[in-house]
Amino acid sequence: MDQAEGLRNIIKKQDIQQTRKPAGKTARVITVTSGKGGVGKSSISVNLAIALSQMGKRVVVLDADFGLANVEIMLGIHPRYNLADLMFRGRSMTDIITYGPEEVGFISGGSGIEEMANLTREQVFHLVHKLSELDRLADVIIVDTGAGIGNTVLEFVAASSEVLLVTTPEPTSITDAYALLKSLNSCSSYNSGQTVVKMIANQVRNHGDADELFKKIGVVVNKFLDIQIEYLGAVPYDANMSRAVIRQEPVILSAPRSMSAYSLNGIAGKLENRERRTGHRPGIMQLFSSVIQMKFNR
């Protein structure tokens, strides 16, 4: 039996165990991505995490942007351990979660995201088992991916049931967002019936610009790609957001009455309202199982 077959057996066993758990024991996983850097993806991830926490949710942000530390910089925290410490150095799930403002938890992916393809059978079993604990520790897990169309980004997006695509009105941002969706559509592991992409228009001047942005992307996607895409909301261009990033503070906390904070709270409210109508949630364990399998099959 080869390594990939062994992995599939492990995941199958974990899936059976997952279905036997009482309802409500898996976290809601929201993957946030973008076609290019510099569009405010990580800032939106952090602020939505804060907003959902203020609504009473236990929120953990997983930074899956290998090699960068945008989320921890924006939260103003410095984690001692990361995902690789969980995988290879015997640390527990509670060890690698660092808590920041509003009790939002944070996990640094570190080099662990890239190293998942090299796991042994025992390490895969250990990781998937530990991730089931994270499902119990959080109500919502926000996965902040890298920007662009690299393999790791596509693996997380393809494995996710709920994806937030952040883009801006800049022509390059629109082009790169479509390139990401086109690559996703061509990904062999992508299932259009299981993944819904929700677009957030960032740094827009007015609602008309936001509507036009979604129209530009939505029309082309609906015509050429087999992808479900919805419009979730817009965040206006706001100097308060820029100042908050420089100060390493979420704008929802540093300028709670600003236009951007108001819009982000509104988007979080929409996510919360849709959550009440959601049925079965795959959870973080299933997401990572799918990502690891994709890495083995790459």
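Let's start with aromatic pairs: a search of the whole structure turns up 2 of them. Rings of Phe, Tyr and Trp (its six-membered ring) count as a pair when their centres lie within 6.5 Å, and the planes are called stacked under 30 degrees apart, edge-to-face over 60 and tilted for the rest. Keep in mind that this is a predicted model, where local features need pLDDT of at least 70, side-chain atom pairs count only at pLDDT 80 or more, and totals for chains, interfaces and linings use all residues. Residues are numbered from 1 along each chain as its sequence is written, and side-chain values use heavy atoms, with hydrogens and water left out.

F214 and Y231 make a tilted pair, 5.6 Å centre to centre and 45° between the planes. Here F214 belongs to helix 10 (residues 207-224) and Y231 to strand 8, so the parts being tied together are 17 residues apart in sequence. F214 is partly exposed, at 22% relative accessible area, and Y231 is partly exposed too, at 25%.

Now zoom out. The protein has 14 helices and 8 strands, which are DSSP runs numbered from the N terminus (helices: H or I, at least four residues; strands: E, at least two). Of its 298 residues, 53% are buried. Look at contacts (heavy atoms within 4.5 Å) between residues at least 6 apart in sequence, and 82% of them join residues at least 24 apart.

Last stop: the second largest pocket, with a volume of about 360 Å³. A pocket is an open set of points on a 1 Å grid over the protein atoms alone, where a 1.4 Å probe fits, with protein on both sides within 12 Å along at least five of seven lines; lining residues have an atom within 4 Å of a point. Grid points are joined across faces, edges and corners, and the volume is the space filled by probe spheres set on the points. Of the 24 lining residues, G38, V39, G40, N202 and Q203 are the closest to the centre of this pocket. Helix 2 gives the most to the lining, with 4 residues.

Terms used
Buried < 20%, exposed > 50% of the residue type's maximum accessible area, 1.4 Å probe, protein only.
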